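I opened my notebook to look up a few things in this model. My entries follow.

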Amino acid sequence: MKKLFSMFPSGPPGVALLLLRLCLGGLLFVDQAGRIAWPMPVWLAVGSVLAAAAVAVGFLTPFFALVCGVLELAALAGMAELGAPWEVLNLILAIITALLGPGAYSIDAWMFGRRVVVMPPRR
């Protein structure tokens, strides 16, 4: 699991990654006009809620960001031309989130973050 995360930046970069995760989670439910994208198929709604919640709190962020991307592809496949650019931008946001990782303000950082190794003194 450690190979999924290169680092967990804190400070302003960590806040930026937190905002990126929150945007990705929220944009799964908004259409190009800014309205809640409903109705949608039940499997897409359940998958979107689970993936958005996991990404927003930063749980297995690279995996669930890719799941968000797959859900965006599914939405893109089932829609007309009008919303296609919006879904493509959301897909790009999901890929960016998967590549950048969760940041310091996430469950991933708490579970898999940096550790301090204390070596016992030599005798």
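I checked the spot just after helix 4 and found that Gly101 takes a positive phi of about 95°. Helices here are DSSP runs (H or I, at least four residues), numbered from the N terminus. I noted that the model is predicted: local features need pLDDT of at least 70, side-chain atom pairs count only at pLDDT 80 or more, and totals for chains, interfaces and linings use all residues. Residues are numbered from 1 along each chain as its sequence is written, and side-chain values use heavy atoms, leaving out hydrogens and water.

Next I looked at helix 4 itself. Its buried residues include Leu91, Leu93 and Ala94. Buried means under 20% relative accessible area, exposed over 50%, and partly exposed in between (1.4 Å probe, protein chains only). The buried residues of helix 4 pack against helix 1 and helix 3.

Then I turned to the largest nonpolar core, which has 22 residues. Such a core is a set of buried Ala, Val, Leu, Ile, Met, Phe, Trp, Tyr and Cys residues joined through side-chain atoms within 4.5 Å. Leu24, Ala51, Val55, Phe64 and Cys68 touch the most other members. Helix 2 gives the largest share, 6 residues.

I followed up Val55. Leaving aside residues up to four places away in sequence, Val55 touches Arg21, Leu24, Phe64, Ala65 and Cys68. Contact means heavy atoms within 4.5 Å.

Last, I looked up cysteines. Cys68 is buried at 0% relative accessible area, and Cys23 is partly exposed at 43%. My search of the whole structure found 0 disulfides (pairs of cysteine sulfur atoms within 2.5 Å).

Terms used
Helices (H or I, at least four residues) and strands (E, at least two) are DSSP runs, numbered from the N terminus.
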